[in-house]
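Here is a short tour of one protein model, written for someone new to reading structures. Keep the 3D view open and follow along.

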Amino acid sequence: MARIDDATVQRILDAADIVDVVSDYVSLKRRGSGYIGLCPFHNERTPSFSVSKTKGLCKCFSCGKGGSPVSFIMEIEQMTYPEALRLLAKKYNIEIEERELSPEEREAATERESMMAANEFAMQCFERNLTSTSEGRDIGLSYFRERGINDAMVKKFHLGYSLEQRDALYQTALARGFNPEYLEKTGLCMRNERGEWRDRFRERVIFPVFTVSGKVVAFGGRTLRSDKTMAKYVNSIESIVYHKSLELYGLYQAKPEIVRKDKCILVEGYMDVISMHQAGITNVVASSGTSLTEGQIRLIHRFTENVTVIYDSDPAGIKASLRGIDMLLAEGLKIKVLLLPEGDDPDSFAQSHSSAEVERYIAEHESDFIQFKTRILLEGTDRDPQRRAEAINEIVKTISVVPEPMLRTMYIAECSRTFGVAETLLTLQVNKLMAQSAEKAAADEQRARARKSGGQQAESAPADATTTSEPATDRTGAGMGIPASGDALLAPYERELLRYALRYGMRYLCDLVDADGNTWPMNVIEYIIHDMAGDEMTFTHEPYRRAFEAAVEVASSPSRAADEERHKARLREEAERAMEAGVEKIRNEVGDMASLQAAEERLREQVEADFEAGMAEYSGSYIARVLSSSADDTVRNITLSLVSEKHRLSKIHTKYAKVETEEDKLKDLVPQALLNLKEAIIEREIRSLQQKMREAFEAGTCTDADLVIMMRELGELNVIKMELARYLGERTVAPRFSGRRR
């Protein structure tokens, strides 16, 4: 793909609001100064995914994933850095000038990019076939017209048609430079035994399947022939871009209304979704004719915990899908069930009723799922005790998967009244089933861990950018999980120092006093640069060195001042709006002039304080903000790992004392981190010299003169080590040091 110029990248990064971006994938709720929601990267019932608007970062404190808007998109959409930028540019209507890729460039693109491009191209072809060819209009469009689908829905869901010609799509794509390999891997085209190509969806109406962000990843094709030998529906094959168990048809179109109404309506097929949307019920999605999966349930749970499942009146179909509803309950979702009138499905019901009638029917007829399941399973069991006992056992199994204790207790009581079975007996059975489930889950987890480890013991390895533990307190390097000698000994100490540089680099630390008595303020990264230069220290761990150099470059970048001015202007506008709104409120509530003036003065002071705090936050986290969206994968990943660790309260926190944060203690922590690194460097040199002496003795090449020199060097190093140890044993005080080193 064509390279995006730096100015455009900066416009994209400036426009991308982390709360806005994450909200496309997760339903967020305000908590304090930030937001929280269910993590989209792993299965959880209690929200642990935190989003900070001021820092421009998100982070899951369970699985550790998150980052800036760009890295979040890269992770959740499995995109490259340029792809993520393009998606954000599209979201914020930022124009990117690109030229058409040549066939050679298409072939050189990554596999995922090529497959996504092939799907997008195919969708455009199918849409064009439907409206711009006589075959498409006469067959495909006529079918949608007969089903009552209007032009707005055809456009909204990008419905299409695949031509009768055996290889129409293949030939068109080939002429546009697409590699047949990717047409085959997406399942758009396939080869027979003779090597002849044909289109998978030939002579079918097309239903594209989109990801939650609007990327087309698959297609469903329905034949309009009455030939019983042909499959009614054909779907895209599983691939690196499409996993059927992780997608819901219509979610991209439905998610805004799902979030607004805090409710998702679940139906079965494509036409059910489209007809419901056409009727004005737009918080509707479908499992696309398959059994509901855990991945699809987690997808729903990211946007709401309230689900209404709509059934037609087919008893066999209802009983076949009850297990999927149990899975919804097990994930902590609140389930309602709606049974449509006999002879209706969601498609026909929506087509024959107005929007108000559909909404009223849902509100009046949806019922609690366990009550619904009880009614379905008990039907016809009055004279059959064995079947009745089996039905009761099925209901108890369902109650046992409900994670909320209070709700379980209420269901047990309801079940007891309905069946005439003692509540204590039902409770014992529920507890038994829950214990069995927990044992099975623990056994499965143990087997999974055993498979993952493969029976091999973990090998020692240097600390890397993904490590989030604190540096070991044992300064000899023993027990760190890293080799006890060489540059790897320094890695945890370099990592901790780098963390301060990235996380707090632009924050004021102390004053520098030069030899002439001149004083000027010094921030964290300037202090680290100054101190390391004085002792000729550098980062030895290559990824950390790259990240530190990138941080230094950002700190000294000419664009920093311009970025801060833009942010200052935005904050000033917000402050003026807050002042205007506050003054209006005060004047409506306060009567006398003296109180009015005092209230306005307090408001002015508060608004100004908020403005100053906002500027301080932006300036202080500027390095982290820039590097968390770096195009350099190593720099970006290290930055995200080090700046988004979970906040830990100080041990001195009490009911009456102020909570002392890490930032409050920077004047102690940064100098101490430098001393820790210096001591580790001395320890490395001592070990290196000791190894050199051993090797010389073993080889018999060590003369008395050599021994004297090495012993003297060893003694000097030990003196320095002892001096550093003495400093480290004392509380470090923020220095006002001489400017002797520069």
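The largest cavity has a volume of about 40 Å³. In this predicted model, local features need pLDDT of at least 70 and side-chain atom pairs count only at pLDDT 80 or more, while totals for chains, interfaces and linings use all residues. Residues are numbered from 1 along each chain as its sequence is written, and side-chain values use heavy atoms, with hydrogens and water left out.

What is a cavity here? On a 1 Å grid over the protein atoms alone, a cavity is a set of points where a 1.4 Å probe fits but cannot get out, and lining residues have an atom within 4 Å of a point. Grid points are joined across faces, edges and corners, and a volume is the space filled by probe spheres set on the points. Counting cavities of 30 Å³ or more gives two.

## What lines them

Around the largest cavity you'll find Val209, Tyr242, Lys244, Glu247, Leu248, Tyr249, Ser288 and Gln296. Sorted by class, that lining is four nonpolar, two polar and two charged residues. For this sorting, Ala, Val, Leu, Ile, Met, Phe, Trp, Tyr, Cys and Pro are nonpolar, Asp, Glu, Lys and Arg are charged, and the others, Gly among them, are polar.

The second largest cavity holds about 40 Å³ of space. Its lining includes Val209, Ala218, Phe219, Gly220 and Tyr270. By class, the lining has five nonpolar, four polar and one charged residues. Which strand gives the largest share of this lining? That's strand E10 (residues 216–223), with three residues. Strands (E, at least two residues) and helices (H or I, at least four) are DSSP runs, numbered from the N terminus.

## Strands side by side

Now look at the open sheet of five strands, ordered E1-E2-E3-E4-E5 with antiparallel pairing. Its edge strands, E1 (29–31) and E5 (66–67), each pair on one side only. Two strands count as paired if DSSP finds at least two bridges between them. Strand E3 (residues 49–52) and strand E4 (residues 57–60) are joined by four bridges, and Val51 sits opposite Cys58 in E4.

Buried means under 20% relative accessible area, exposed over 50%, and partly exposed in between (1.4 Å probe, protein chains only). E14 runs parallel to strand E12 (residues 264–267), with three bridges, and Val307 in E14 is the bridge partner of Cys264.

## Two positive phi angles

Asn93 isn't a glycine, yet its phi is positive, near 55°. Find Asn93 in the loop between helix H4 (81–91) and helix H5 (103–108). Is Asn93 buried or exposed? Asn93 is exposed, at 72% relative accessible area.

Glu203 has a positive phi too, about 60°. This residue lies in the loop between strand E8 (197–199) and strand E9 (204–210), but Glu203 counts as buried, at 17% relative accessibility.

The predictor's confidence in each residue is called pLDDT, from 0 to 100. The chain averages 80, and 86% of the residues score at least 70. Among the elements, H5 has the lowest mean pLDDT (55), and strand E6 (residues 160–162) has the highest (96).

Over residues 731–742, pLDDT stays under 50, and the model has 34 contacts beyond four places in sequence for them. A contact means heavy atoms within 4.5 Å.

Conventions. 1 Å grid on protein atoms, 1.4 Å probe; cavity = no way out; pocket = protein on both sides within 12 Å on 5 of 7 lines; lining within 4 Å.
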